[in-house]
Amino acid sequence: MNNESVGQVTTERIVGVIGAGTMGAGIAHIAAQSGFVVETLDSSPDVVRKAYDGIRERVDSQVQKGRLPQHERDAIVGRLRVAEGFGCLKGAELVIEAAPEDLALKRKVLAEAEGVLDNGAVLATNTSSLSIAKLSEGLRRPERFIGIHFFNPAPVMNLTELIRGPQTSDHTLTLAVAFSNALGKTPIKVKDSPGFVVNRVARPFYLEALSLLESGFADVRTIDAAMREVGGYRMGPFELLDLIGLDVNLAVTTSVYEGFNRPARFAPSAIQKRLVEQGRLGRKTGRGFYDYSSNPPAIAFETSARSADAWTPGAAFAQFANVLGKPVDRAAYIYARIVAAVINEAARAAETIALPRDVDLGAKLGLNFPEGPMELADFAGLDVVLKLMQELHASDAAGRYEPAPLLIQRVQEGKLGEKSACGFLRHSL
Ligand SMILES: NC(=O)c1ccc[n+]([C@@H]2O[C@H](COP(=O)([O-])OP(=O)(O)OC[C@H]3O[C@@H](n4cnc5c(N)ncnc54)[C@H](O)[C@@H]3O)[C@@H](O)[C@H]2O)c1
């Protein structure tokens, strides 16, 4: 021991995690890896032990691959504690609840956690779809309560959405930002609303693909290939649907659809509902849009592609494709339909619930999109995007493509994107 360390007191920084499932285990892992002592509580300590076994397996594998020194592995594992009851959360500076998505259950555990926490501690929820305002009802210190929405897998995905309730204090928000940063995450601030930013802006990515499939414009493989090859996406919408689980994805769509009072643009797809009813949930059941019994997976959903032959490109689509240097063909049209719908939703979100910059961060870090919808729109030109939306809108009676008010407003103001130094974002010329 050297002189400097004589008399030094190292204070443990404790984080509590409620629920040791997919998300709780991931959050416990990244928190322990970031130096926090983690007390995880589940309905039984055995569930936590099992979750910790999974974390140990993952860090052991990192050691074997030479990605993590043994002493760091030992330190991470040493910081994982099994909470035997709510009393073990006392002393935590922050407790995050990752229990099942059930309002009554979450309210109950949040109230119990609040009962043991110090007045200065932050109480957080990882809910994906419940209202932060509703969850805060009944809490004695709602000013210390906040949504910190992690993404799966939590140790890997470098984004958190921070959602204030009606009474969340500035200080609590600051602490949630600091906590996110301490875990190596980029936090974005989002208003309490259905799907927050990421799940909301992701909806058209799936729903437009499903709509193209349903209309017979193209088959599953063609749509996936268009997004990968024309758009540079890592995975196509159907590959992702199969990976996430058609049921899980449908539950998110339904909750956003209901949350916004059923607008046509969020209406769940009949194809997806049917596959879920048939138990074809994707990779986890071996079959969804693809069949995973062979490698590479075979197509498991046939479409007659009945409308494809009759297609002629519209003028606004052709202009959009031209400015982006894409060919004016069917693959680029698939890409254009999907990204235009994503941009339009992003513009709605940017007008009401988050900064345009944060919408882009959410799409890139939370969805692995190759570029943010706001920056893509600014690159293409907002006037060009607006014309494309108007062209799509004119051919759809349901109103799914009605241009977002912010898109119209920016074009009227002459804020057209990179070419005028300002669009959704600011640019230097
Ligand atoms: N899975 C995802 O991709 C994802 C992503 C972001 C946010 N979320 C949200 O995170 C939360 C948890 O989701 P998940 O996928 O980890 O669920 P999960 O079902 O994998 O885990 C939930 C855990 O909570 C435990 N639990 C049940 N009742 C409890 C109680 N009374 N006290 C303590 N623990 C209890 C369960 O035993 C289980 O281990 C949900 O709110 C979900 O919406 C999920």
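## Domains

The domain assignment divides the protein chain into domain 1, residues 3-190, and domain 2, residues 198-420. The model is a predicted one. A distance of 33 Å separates the C-alpha centres of domain 1 and domain 2.

## Contact between the domains

Where the domains meet, 11 residues of domain 1 are in contact with 11 residues of domain 2. On the side of domain 1 that touches domain 2, strand 7 (159-164) and strand 8 (186-190) each contribute at least two residues. Strand 8 gives the most to that side, namely 4 residues.

Sorted by class, the side of domain 1 that touches domain 2 holds 5 nonpolar, 4 polar and 2 charged residues.

## Helix 1

Helix 1 covers residues 22-33, and its 12 residues should span 16 Å at 1.5 Å a residue. The C-alpha atoms at its ends are 17 Å apart, in agreement with that expectation.

The buried residues are Met 23, Gly 24, Ala 25, Gly 26, Ile 27, Ala 28, His 29, Ile 30, Ala 31, Ala 32 and Gln 33.

## Surroundings of helix 1

The buried residues of helix 1 pack against both strands and helices. The strands are strand 1 (14-18), strand 2 (37-41), strand 3 (80-82) and strand 4 (94-97); the helices are helix 2 (45-64) and helix 3 (70-78).

Just after helix 1, Gly 35 adopts a positive phi of about 100 degrees.

Technical notes. Residues numbered from 1 in each chain as written. Predicted model: local features only at pLDDT ≥ 70, side-chain atom pairs only at ≥ 80, totals over all residues. Domains from an automatic or database assignment. Contact = placed C-beta atoms within 7 Å. Nonpolar A, V, L, I, M, F, W, Y, C, P; charged D, E, K, R; others polar. Expected span 1.5 Å × (residues − 1). Buried ≥ 20, exposed ≤ 12 C-beta atoms within 10 Å, placed from the backbone.
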